[in-house]
Amino acid sequence: MGTGVIIKAEGLEKIYGNGRSALRVLKGVSLEIMAGEVISIVGPSGAGKSTLLNLIGCIDSFQNGRLAVMGKDVSELSVEDLSGFRNRHIGFIFQSHNLLPEFTAIENIMIPLMISRRGKKEARDRAHALLERFGMTDRAHHKPAELSGGECQRVAVARAIVGRPDIILADEPTGNLDRANSGMLTDLLLELGRQEGATIVIVTHDREIAERTVKTITLIDGTIHDSSLQGKH
Ligand SMILES: Nc1ncnc2c1ncn2[C@@H]1O[C@H](COP(=O)(O)OP(=O)(O)OP(=O)(O)O)[C@@H](O)[C@H]1O
Ligand SMILES: [Mg+2]
């Protein structure tokens with residue numbers, strides 16, 4: 001990716017429900033993320049971090065404000081165009097890994113490439129290379145239920161990056177892992193993302209992970225309170 005703004009939000013508002021039960025979760029969020037930047041989003045539980053990431057990832061809609069991803073106003077895209085757009089440009093790692101239980105590790109990683117109609121051989125080769133990189137060659141043909149939590153998260157990272165997306169969004173990717181596994185997964189994510197020049201946004205509770213990103217955005221009660229540069233890189 002070249003330089004320039006890749007994600008631009010202006011006054012984003014997200015309201016769940018309606019009438020008396022309406023819950024205003026994002027209260028006018030504005031931010032700019034530059035192409036190739038690696039940033040973190042922190043803040044208390046319930047602040048709206050996952051909600052914001054889902055909007056950026058085009059997997060949820062919003063009521064007010066504007067959101068441009070790669071220069072495209074995403075609220076103008078049809079549902080169909082949006083799913084193609086996501087598949088081409090965005091890799092998402094969910095708070096819980098969200099692997100498909102009936103498919104093996106290698107098949108889960110191949111899915112984004114199959115959706116974008118890449119050949120099966122290319123998909124298998126790329127998935128295999130990532131499994132090797134992640135030290136999981138011997139687990140390739142096991143289903144998620146037969147893998148450890150850390151292994152599932154590694155497969156989820158591989159699935160998110162296999163299509164070489166411009167933007168990688170990770171929601172607490174290491175939330176359920178011990179320190180050693182968490183460090184290893186973060187290393188892999190940052191290293192592979194950097195190699196591809198991807199823009200990376202990580203939601204995390206973990207200060208150590210946040211400190212490894214260039215910039216941290218603090219979200220409290222649906223509002224951005226602070227954007228701080230880590231002063232490195
Ligand atoms: N589908 C939904 N319907 C109604 N309310 C929701 C929905 N999803 C989330 N919320 C509410 O929106 C608020 C923000 O949720 P969100 O998941 O974005 O928080 P978060 O900052 O990611 O928290 P955590 O750190 O615990 O993951 C919470 O009060 C949550 O209960
Ligand atoms: Mg969350």
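The chain has 7 helices and 10 strands. Helices here are DSSP runs of H or I with at least four residues, strands are runs of E with at least two, and both are numbered from the N terminus. The radius of gyration is 17 Å, close to the 17 Å that the globule rule gives for 233 residues, so the chain is as compact as a globular protein of that length. That radius is taken over C-alpha atoms, and the globule rule is 2.2 Å times the number of residues to the power 0.38.

Keep in mind that this is a predicted model: local features need pLDDT of at least 70, side-chain atom pairs count only at pLDDT 80 or more, and totals for chains, interfaces and linings use all residues. Residues are numbered from 1 along each chain as its sequence is written, while chains are lettered from A and ligands numbered from 1 in the order in which they are written.

Along the principal axes, the C-alpha atoms fill a box of roughly 50 × 40 × 40 Å. Of the 233 residues, 43% count as buried, meaning that 20 or more other C-beta atoms, placed from the backbone, lie within 10 Å of the residue's own. Take the contacts between residues at least 6 apart in sequence: 69% of them join residues at least 24 apart. A contact needs two C-beta atoms, placed from the backbone, within 7 Å.

Now for the strands. One open sheet has 4 strands in the order β2-β1-β4-β5, with antiparallel pairing. Its edge strands are β2 and β5 (72–73), each pairing on one side only. Two strands pair if DSSP finds at least two bridges between them. Here are two antiparallel pairs:

| Strand | Partner | Bridges | Facing residues |
|---|---|---|---|
| β1 (residues 5–16) | β4 (residues 64–69) | 5 bridges | Ile7 and Val69 |
| β9 (residues 215–220) | β10 (residues 223–229) | 6 bridges | Lys215 and Leu229 |

β9 and β10 form a hairpin with 2 residues between them, and Asp221 in the turn has a positive phi of about 50°.

What surrounds ligand 1? The shell includes Tyr16, Gly17, Leu23 and Val25, along with Gly43, Ser45, Gly46, Ala47, Gly48, Lys49, Ser50 and Thr51. A residue is near the ligand if its C-beta atom, placed from the backbone, lies within 6 Å of it. β2 (23–34) and α1 (49–56) are the elements that give two or more residues to this shell, and α1 gives the most, with 3 residues. By type, the shell divides into 4 nonpolar, 7 polar and 1 charged. Ala, Val, Leu, Ile, Met, Phe, Trp, Tyr, Cys and Pro count as nonpolar, Asp, Glu, Lys and Arg as charged, and the others, Gly among them, as polar.

Definitions and conventions. Buried ≥ 20, exposed ≤ 12 C-beta atoms within 10 Å, placed from the backbone.
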